[in-house]
Amino acid sequence: MNVLTVDGLTVRSADGRTLVSDLSFSLARGARLGLIGESGSGKSLTSLAVMGLLPAGMTASGSVTLETPESGRTEVIGAPERRLNGLRGRVATVVFQEPLTALDPLMRIGRQLAEPLRRVRGLRGAALREAVTAALSEVRIADPRRVARAYPHEISGGQRQRVAIAMALACEPALLIADEPTTALDVTVQAEVLALLDGLVSARGMALLFISHDLAVVSRVTDHVVVLKDGAAVESGAVLDIVGAPRHPYTRDLVDSARRLDEALDWSRR
Ligand SMILES: Nc1ncnc2c1ncn2[C@@H]1O[C@H](COP(=O)(O)OP(=O)(O)OP(=O)(O)O)[C@@H](O)[C@H]1O
Ligand SMILES: [Mg+2]
C-alpha cells in the first residue's frame with residue numbers, strides 16, 4: 001500500500017502560469033524519498049499540494065492520494081476542507097524550513113505541544129503534562145520542563161525546530177514531509193537535527209518525503225530522489241546512481257555543488 005501517490009500533479013497560479021508540471025511519484029508505508037531542486041523549482045508547492053494547502057487562487061490538477069488502513073483512501077485534490085482537516089497531522093504532516101511557521105509566538109511551548117496531545121490522545125491534567133515533557137525529551141531537548149514554560153523567542157533556533165518536529169510527531173502521522181527542515185540552522189545543529197529526524201522516522205516506521213536544494217543533505221536521510229527543475233521532474237532514481245552518473249546537466253550541477261561542499265567541509269575539519 002502506498003501512503004502517498006502523486007500522479008500527474010500540475011499546479012497553476014491564479015494568472016495561469018504552470019508552476020508544477022505533470023509530476024508523479026509514490027511512497028510506500030515507511031519508505032523515504034528526496035525531492036531536490038534549486039530555489040523556485042516547485043518543491044514547496046508540491047508539499048503544499050499534498051497537504052491540500054496551496055495558496056488561494058492556485059489550482060491543482062492530476063491526482064494526489066493519501067491512504068492508511070485507519071483513514072482509508074482520500075483523493076486530496078478537490079476534497080472538502082473538513083475531510084482534509086481530519087487527515088492533516090494524523091495521516092500526513094509537514095515540518096517547514098522556518099520553525100516559527102509552526103509555532104504561535106504568544107503561547108508557551110508546553111501549551112502548544114499539549115494541544116495535539118490532548119486532541120489526539122485524549123490526555124488531561126498530570127498525564128498531559130507528562131506527555132509534553134516526554135515529547136520534548138524524545139526530540140532531545142535537554143531541559144524539557146524549562147522549555148515547556150518558555151515562549152518560542154526564548155529558545156534557540158535548533159530547539160525551536162526540535163519543538164516543531166515534536167509537534168509534527170504528536171499525532172503519529174504515517175507520512176512526514178520535511179521541507180528544508182535544517183536549512184535555517186547552522187551546520188553543526190543541522191547535522192544533529194537531521195540525525196534526530198532520521199532516528200525518529202525509523203523508530204516510528206513513518207514514510208518520509210524529504211525536500212532540499214542540497215543533494216549532500218538529502219543523501220544522508222534517503223537513498224532515492226526525484227530531481228525537480230522548473231516544476232518538472234528531470235531525473236529520478238537511486239542517489240548512488242544519480243551521483244555516479246547524472247544524466248541531466250542540471251543534475252550534474254547539483255552533484256558538483258554537493259561535492260564542492262563536501263570538500264570544503266573536509267578541508268575545514270583538518
Ligand atoms: N503564493 C504564490 N503566488 C505566486 N507564485 C508563487 C507563490 N508561491 C510560489 N510561487 C512560485 O512558484 C514557483 C515554485 O515555488 P516553490 O515555493 O514551490 O519553490 P521551492 O522549490 O520550494 O523554492 P525554495 O527552495 O526557494 O523554497 C516559484 O516560481 C515561485 O515564485
Ligand atoms: Mg520551498
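Colleague: Happy to start with a single residue. Where is the place of Asp230?

Modeller: Bear in mind that this is a predicted model. Asp230 sits in the loop between β9 (224-229) and β10 (232-238).

Colleague: Why is Asp230 called exposed?

Modeller: The cut-off for exposed is over 50% relative accessible area. Asp230 has 53% relative accessibility, so it counts as exposed.

Colleague: Which residues does Asp230 touch, not counting those up to four places away in sequence?

Modeller: Those are Leu19, Glu38 and Ser41. Ser21 is also worth a look: it lies 209 residues from Asp230 in sequence, with 8.3 Å between the two C-alpha atoms.

Colleague: And what makes the pair Asp230 and Lys229 a polar contact?

Modeller: The limit is 3.5 Å between N or O atoms, and for residues adjacent in sequence both must be side-chain atoms. Here the contact joins the two side chains at 3.2 Å, so the pair meets the definition.

Colleague: Let's move on to the ligand. How many residues surround ligand 1, and which are the closest?

Modeller: There are 13 around ligand 1, with Ser39, Gly40, Lys43, Ser44 and Leu45 the closest. By type, that shell has four nonpolar, five polar and four charged residues. Helix α1 (residues 43-51) gives the largest share, three residues.

Colleague: What makes α1 mostly covered?

Modeller: Eight of the nine residues in α1 are buried, meaning under 20% relative accessible area. Among them are Lys43, Leu45, Leu48 and Met51. Just after the helix, Gly52 adopts a positive phi of about 70°.

Colleague: One last pair: what joins the side chains of Glu67 and Arg73?

Modeller: A polar contact of 3.4 Å, which is within the 3.5 Å limit. Glu67 belongs to strand β4 (residues 59-68). Beyond its neighbours within four places in sequence, Glu67 is in contact with Met1, Asn2, Val3, Gly72 and Arg73.

Technical notes: Residues numbered from 1 in each chain as written. Chains lettered and ligands numbered in written order. Predicted model: local features only at pLDDT ≥ 70, side-chain atom pairs only at ≥ 80, totals over all residues. Heavy atoms only, no water. Near = heavy atom within 4 Å. Helix = DSSP H or I, 4+ residues; strand = E, 2+ residues; numbered from the N terminus. Nonpolar A, V, L, I, M, F, W, Y, C, P; charged D, E, K, R; others polar. Polar contact = N/O pair within 3.5 Å; in protein donor to acceptor, adjacent residues only side chain to side chain. Contact = heavy atoms within 4.5 Å. Buried < 20%, exposed > 50% of the residue type's maximum accessible area, 1.4 Å probe, protein only.
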